[in-house]
Amino acid sequence: MNAIAIDYGEYQRGGWASRPAASVNGAASAPGQGFADMIGAIAAHADRAAFAALFGHFAPRVKSYMLRLGAEPSLAEELAQETLLAVWRKAASFDPSKAAASTWIFTIARNLRIDAARRDRRSADPVDDVSDAPDPEPTPDAILAASQSEARIRTALLALPPEQAEVVRLSFFSDKPHSEIAEELKLPLGTVKSRLRLAMGRLRDLLGDLA
Amino acid sequence: MSAPTKHPSEDLILDYARGALELGRGLVLRAHLDVCPECRASLRLAEAVGGALVADLEPAELGPDALAKALARLDLPPPPPAPAGPRPDNWIRVPPDVLLAAERHKRWAAPGVWVAPVTRDRKTGARSYLLGIGPGIAVPLHTHKGTELVCVLKGAYKDRGRVYYPGDFAENDEEVEHQPRVTRDGECVCLIAADHDLVPRNLVARVMQPFVRI
């Protein structure tokens with residue numbers, strides 16, 4: 001981590017290095033907006049300082065996600081690299097009215113991991129995403145809502161009953177079918193599924209205008 | 001085209017969001033998501049949950065030169081886009097690999113019926129394929145081992161009293177014994193993912209199966 005902090009230094013003149021912290025704490029009025037702006041800066045003028053700041057924040061977390069899904073450390077690191085490289089290349093297709101930066105980066109990471117698993121099994125088709133599919137009516141408040149969604153979801157997750165939060169967490173940090181998750185928890189499959197449904201329903205209610 | 005009226009279960013959308021859906025099943029779901037704003041909203045919520053969970057993870061330690069390596073890779077040429085076949089007339093949008101399969105692997109399986117395999121999981125045997133059926137033709141009576149996901153890409157078929165139009169989604173399990181019939185208006189093309197082969201329920205189906213191989 002230290003090495004990254006040092007590397008960062010030379011990009012501080014770009015002005016980004018001091019900004020992510022504010023949004024990470026979730027204290028700002030539009031948490032996550034900082035990251036969305038950085039992606040915008042990459043799209044607009046290939047801003048390397050913005051990339052370095054995004055990398056510093058997200059690459060270690062994406063690696064952590066890959067490790068949780070069972071990737072070897074070297075693969076986890078490579079997938080974190082590839083995820084942030086894809087952020088650089090696809091920055092122009094990021095639509096801040098549709099998703100928070102963290103959501104978008106999560107979908108890229110997820111897809112790259114599926115690709116990697118497939119390469120492993122020597123089958124060949126690339127995974128694309130549906131997130132660029134056209135949507136009928138983007139509302140004027142959508143950008144603000146999407147950038148706030150991450151903080152709101154965190155709050156909403158904290159408000160879930162612990163047993164519901166647990167199955168949500170387990171299912172996102174595992175690619176196992178719910179039947180195996182149920183076995184690990186020593187719970188009937190129906191219970192796991194109903195907890196998930198309750199949790200997602202609650203999140204939907206709490207975050208109505210996101211969906 | 002109006003929005004589809006027959007949707008996948010929330011469970012499937014959540015599995016897709018968390019990256020746990022088998023490849024072929026993911027393709028079928030994506031075909032539906034692409035034309036269904038309602039299900040896309042569900043997907044977006046689930047993905048936002050994934051994003052928030054990952055954002056909250058304890059950061060892992062990266063290699064000492066991780067950022068330098070990434071910066072050095074920024075100017076490398078991007079990987080070439082996935083090859084895709086042309087989109088046939090009147091199909092809803094599908095991923096490039098599906099179009100490619102339609103172009104390269106289409107074969108006639110019976111009069112008025114064609115099949116094009118799309119994916120096959122070597123480990124589990126799960127597969128996905130395109131099935132094109134001419135107007136008015138019925139698929140012989142059959143049931144399924146495991147579940148089958150279907151999304152209509154073009155045309156329409158009738159199954160147990162309901163008509164499935166482009167974008168409509170069906171999930172058929174072992175309880176379902178059916179004989180879907182394509183409407184008389186024209187050819188119907190579906191993208192289908194199945195865990196296992198069909199289980200034929202009558203002589204015609206049994207005779208056809210070795211040829212159709214689905």
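Predicted model: local features only at pLDDT ≥ 70, side-chain atom pairs only at ≥ 80, totals over all residues.
Student: What's the strand order in that open sheet of three strands in chain B?
Tutor: The order is β7-β6-β9, with antiparallel pairing. β7 (162-164) and β9 (181-182) of chain B sit at the edges with a single partner strand each, so one side of each has no neighbour in the sheet.

Student: OK, back to β7(B). How many bridges join β6(B) to it?
Tutor: Three bridges, and the two strands run antiparallel; β6 of chain B covers residues 157-159. If you want one pair to look for, B:Lys158 has B:Val163 in β7(B) as its bridge partner.

Student: What about the sheet of six strands, what's its order?
Tutor: That open sheet goes β1-β2-β3-β10-β5-β8 in chain B, with antiparallel pairing. Here β1 (107-110) and β8 (169-172) of chain B are at the edges with a single partner strand each, so one side of each is left without a neighbour in the sheet. Neighbouring strands of this sheet are turned by 30 degrees against each other on average, direction ignored.

Student: What actually holds strands like that together?
Tutor: Strands of a sheet pair through backbone hydrogen bonds, either parallel or antiparallel.

Student: How many bridges join β1(B) to β2(B)?
Tutor: Three, and these strands run antiparallel. B:Trp108 has B:Trp114 in β2(B) as its bridge partner. The hairpin of β1(B) and β2(B) has two residues between the strands, and B:Gly112 there takes a positive phi near 80 degrees.

Student: And how many bridges for β2(B) with β3(B)?
Tutor: Seven bridges join β2 (residues 113-120) to β3 (residues 127-133) of chain B, again antiparallel. One pair to find is B:Pro117, which stands opposite B:Tyr129 in β3(B).

Student: Which strands does helix α5(B) lie across?
Tutor: α5(B) lies across β2, β3 and β10 (188-194) of chain B, and runs at about 135 degrees to β2(B). Axes are lines fitted to C-alpha atoms (for helices, over the stretch in contact), and angles run from 0 to 180 degrees between N-to-C directions.

Student: New topic: how many residues of chain B are in contact with chain A?
Tutor: 52 residues of chain B are in contact with 64 residues of chain A. α3(B) gives the largest share of chain B's side, 16 residues. That side divides into 29 nonpolar, six polar and 17 charged residues. "In contact" is when two C-beta atoms, placed from the backbone, lie within 7 Å. Nonpolar covers Ala, Val, Leu, Ile, Met, Phe, Trp, Tyr, Cys and Pro; charged is Asp, Glu, Lys and Arg; the others, Gly among them, are polar.

Student: At what angle does α8(A) cross α3(B)?
Tutor: Roughly 85 degrees, with the axes of α8 (residues 162-172) of chain A and α3(B) coming within 10 Å. They are therefore roughly perpendicular. A:Val168, A:Arg169 and A:Phe172 make the contact with B:Val49, B:Gly50 and B:Leu53. On the labels: under 35 degrees is roughly parallel, over 145 roughly antiparallel, 65 to 115 roughly perpendicular, and the rest oblique.

Student: And how do α5(A) and α4(B) cross?
Tutor: At roughly 45 degrees, with axes within 10 Å; α5 of chain A is residues 73-90. That pair is therefore oblique. A:Glu77, A:Gln81, A:Leu84 and A:Leu85 meet B:Ala66, B:Lys69, B:Ala70 and B:Arg73.

Student: Last one: what confidence does chain B get?
Tutor: Chain B averages a pLDDT of 88, and 91% of the residues score at least 70. pLDDT is the predictor's confidence in each residue, from 0 to 100. For the complex, the predictor gives an ipTM of 0.85 and a pTM of 0.83.

Note on methods:
Residues numbered from 1 in each chain as written. Chains lettered and ligands numbered in written order. Helix = DSSP H or I, 4+ residues; strand = E, 2+ residues; numbered from the N terminus. Pairing = 2+ DSSP bridges.
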